[in-house]
Amino acid sequence: MTFTHRPSGVPERPVLDGLEEKWSQRWDTSGVYVFDRSRTREQVFSIDTPPPTVSGSLHVGHVFSYTHTDAIARYQRMCGKEVFYPMGWDDNGLPTERRVQNYFGVRCDPALPYDPEFTPPENPGKQQLPVSRRNFIELCERLTVEDEKAFEDLWRRLGLSVDWTRTYQTINDEARATSQLAFLNCLARGEAYMAEAPTLWDVTFRTAVAQAELEDRERPAAYHRLVFHGADGRRVLIDTTRPELLPACVALVAHPDDARYQDLFGTTVRTPLFDVAVPVLAHQLADPEKGSGIAMVCTFGDTTDVTWWRELRLDTRPVIGWDGRFTADPPPGVDSEAARAAYGRLAGATAHTARERVVEMLRAGGEMEGDPRPVTHTVKFFEKGDKPLEIVTTRQWYLRNGGRDVPLREELLRRGTELRWHPEHMRVRYENWVSGLNGDWLVSRQRFFGVPIPVWYPLDQEGNPEYDRPIAPDPAALPVDPSAEAPAGYTEQQRGAPGGFTGDPDIMDTWATSSLTPQIAGRWLKDPDLFERVFPMDLRPQAHEIIRTWLFSTVVRSHAEHGVLPWKHATISGWILDPDRKKMSKSKGNVVTPADLLVQHGSDAVRYWAASGRPGTDTAFDTGQMKIGRRLAVKILNASKFVRGFGEVPDGTPVTEPLDRAMLAELAAAVEEVTAAFEDFNYARALERTEHFFWRFCDDYVELVKDRAYGAEGSANGSWDIDGTHSARAALTTALDTLLRLFAPVLPFVTEEVWSWHAEGSVHRAAWPAAAEIRALAADGDGELLATAAEVIAAVRKAKSEAKVSMRAEVKEAVVSGPREVLDRYALVDADVRAAGRIGAVEQREDAGPLAVRVSL
């Protein structure tokens, strides 16, 4: 795309205010960031942009990490790559559902019919209004559109060089079709399967939870000592934090080497209160040091219970339902009249209430010893939930991810070594996660706003689903919603009827769709030509805490579907920390929204702070850094006005003066270091090195060369020849043009503004500086000359400051002493130093010591 801007000349008073609106509009109008799809794969740099979750507002952590990606995108574009940089919106799943429920005051009830005339309440009350699934989804879609527009406006103000003609949603028709096709392909290859098994369950959201979504939290609890009864009247004492699960007890287990229980192995004991006979068994996972050393196995209290249940082939006595309450009917085995009466007091109760009632009954019957002993222990939560997870038996869909398949696990570990990690040490997190998997990826969810599982099940003549015979749709018909559409060969009237069908009611885990962002953004399903030009992608930028979820799941899908890594590089950002050094997050309530920051400090200043955070490193939120960034942007304007004030320097103007060549030699070295940093995806190091040279350029070189740059008419001594003046102006112009391009990836607005004063086109489509070209212009330039000149003029400034006189005050004499090689260097820059310091005479004295300057005012 051609950027048609014409040079505007240097303004009388350049300012930062208003640059965001001015250049965002011009970039959009000119299409400077629009992707040219005619380029070949070798000419493209493609980015798997993280689609932010559309569930409210962006926070400063988003600004932090997305600035990192944008700096890399801008660098690659200036290096001649055609950058594929789309923006997606992750608008399905629980965050959106929760926001819709709170915003509109509704909740989804799939049993209700669709109401085409439904209007949400203007002033939602505390009681949420039940609506049909279709009505609920319509509200989700309505709210996400509003949120997406607000997100885009903020991203534009931040200056993201996204191609805004290429946006996508993770819930639109194409994304749903892509996700469903990938699922069906997995099903056809045997990588997707259904199983009925114990499942981690969030009782608030009433949905299954995958291993990658778990979060350990410390919670207070108490050990209760229960009395089980042996056949010979022996009292067997059990310590448990969950006495309410007593009716679900199916066994006791102790370590096989525990001498205390050798005589009990192979026998049965009877449970207190419910009088159910359960076996006493040996298992290596039992901890002799924990409690009394013997544990009760319940179906199910925790994941260890699941392991014991599975490996010891125990009975199942579930008591907790999907709503987190005790079921109405007692489990199998709880048969006696007294037991059923005891259970009747628990039916319908929450776990907390049931615990209180069980403890009350145990105490009344003398089957609990002592008082509860308080403890703090780790409990598993859904990362978005606020209640401990339960384990219930459900039928769910899984994708194979190496959790139960050692060869597949080894293949996925090898993929991790193929990927280039920035920083490299983040690869360990991937390897630890893959190595520690204990099950396949649970991808079905019992929610509403998401991508439906695309299968139906035939019903037998008694109306029971035949789960082992799923009906898959024709890929050409995707996307489908089995809860609202009939499969081919059936009519809607056959839904739920014997001999008919039923649709799978579940949706896919949001990661099951987000794991396909390369395919969705690259339009794998609808535009194979584009997909071939951008896939496998070059870069996946993301945060470190979702390596186990987003990064790993994307590797799993690409490995299965395409047999390759989905990208070459992964750049990992750290967290933003609040003043107490805690992670900023919406759930903690300590986030800072960025809109006011962008207005108060300016987008370039906020980007400066963000880009100062090193890859993979947690960074403190610091408005002080933003103020420094703003001062830097102001200095760029002022220094640029000075340099551009001399007008255009003809091409080919030679740089002849030693000080000018010395500065350019240092500049060439800086360009090499900045380029190497960007090639390593280290935007922070690139900014640091550019800024270091810029301040040296302004504070030392510009001040030293200013008099000569003005020439004979404008200088203090009036003795400069024209070649020296032209040399200074050529060096200044070269340095400024180079610095603008070095800063451009991080400070896009101020650099574009200055570039527009003299150049056609956009700085963001200009060629990245070439160190070799600058070094050729520097010829035999020695960077030490600039260092020597800077040291001498610094000593002169210090003397004037200590004497409390103006920096423009005349210096009668200065004595410069040092080794001969230092004095020889100084001699080459003597005229510039005397002019800059207004020094009448300089005496050079050879001395074995380091460079020293004595000033006489």
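These questions and answers go through a sheet, the cysteines and a helix pair in a predicted model.

Reader: Which strands stand at the edges of the open sheet?
Author: Four strands make up the open sheet, with antiparallel pairing and the order E8-E7-E16-E18. A strand at the edge has a single partner strand, so one side of it is left without a neighbour in the sheet. The edge strands are E8 (207-208) and E18 (441-442).

Reader: Which residue in E16 stands opposite methionine 194?
Author: Strand E7 covers residues 192-202 and strand E16 covers residues 390-399. The two pair in the antiparallel sense over 10 bridges. Opposite methionine 194 stands tryptophan 397.

Reader: How many disulfides does the model have?
Author: A disulfide needs two cysteine sulfur atoms within 2.5 Å. For cysteine 298, the closest cysteine sulfur is that of cysteine 249, at 4.9 Å, which is too far for a bond. The count of disulfides comes to zero.

Reader: Is cysteine 298 buried or exposed?
Author: Buried means under 20% relative accessible area. Cysteine 298 has 3% relative accessibility, so this residue counts as buried. Cysteine 186, at 5%, also counts as buried. For cysteine 298 the answer is buried.

Reader: How is helix H2 oriented to helix H4, roughly parallel or oblique?
Author: Helix H2 (residues 60-78) packs against helix H4 (residues 133-158) with the axes 11 Å apart and an angle of about 55°. Angles under 35 degrees would count as roughly parallel, and 65 to 115 as roughly perpendicular. H2 is therefore oblique to H4.

Reader: Which residues in H4 meet H2?
Author: The crossing of H2 and H4 is right-handed. From H2, the residues in contact are His62, Val63, Tyr66 and Thr67. In H4 they meet Leu154, Trp155 and Leu158.

Technical notes
Residues are numbered from 1 along each chain as its sequence is written. This is a predicted model: local features need pLDDT of at least 70, side-chain atom pairs count only at pLDDT 80 or more; totals for chains, interfaces and linings use all residues. Side-chain values use heavy atoms; hydrogens and water are left out. Two strands pair if DSSP finds at least two bridges between them. Buried means under 20% relative accessible area, exposed over 50%, partly exposed in between (1.4 Å probe, protein chains only). Axes are lines fitted to C-alpha atoms, for helices over the stretch in contact, and angles run from 0 to 180 degrees between N-to-C directions. Angles under 35 degrees count as roughly parallel, over 145 as roughly antiparallel, 65 to 115 as roughly perpendicular and the rest as oblique. A crossing is left-handed if the near helix is turned anticlockwise from the far one by less than a right angle, and right-handed if clockwise. Contact means heavy atoms within 4.5 Å.
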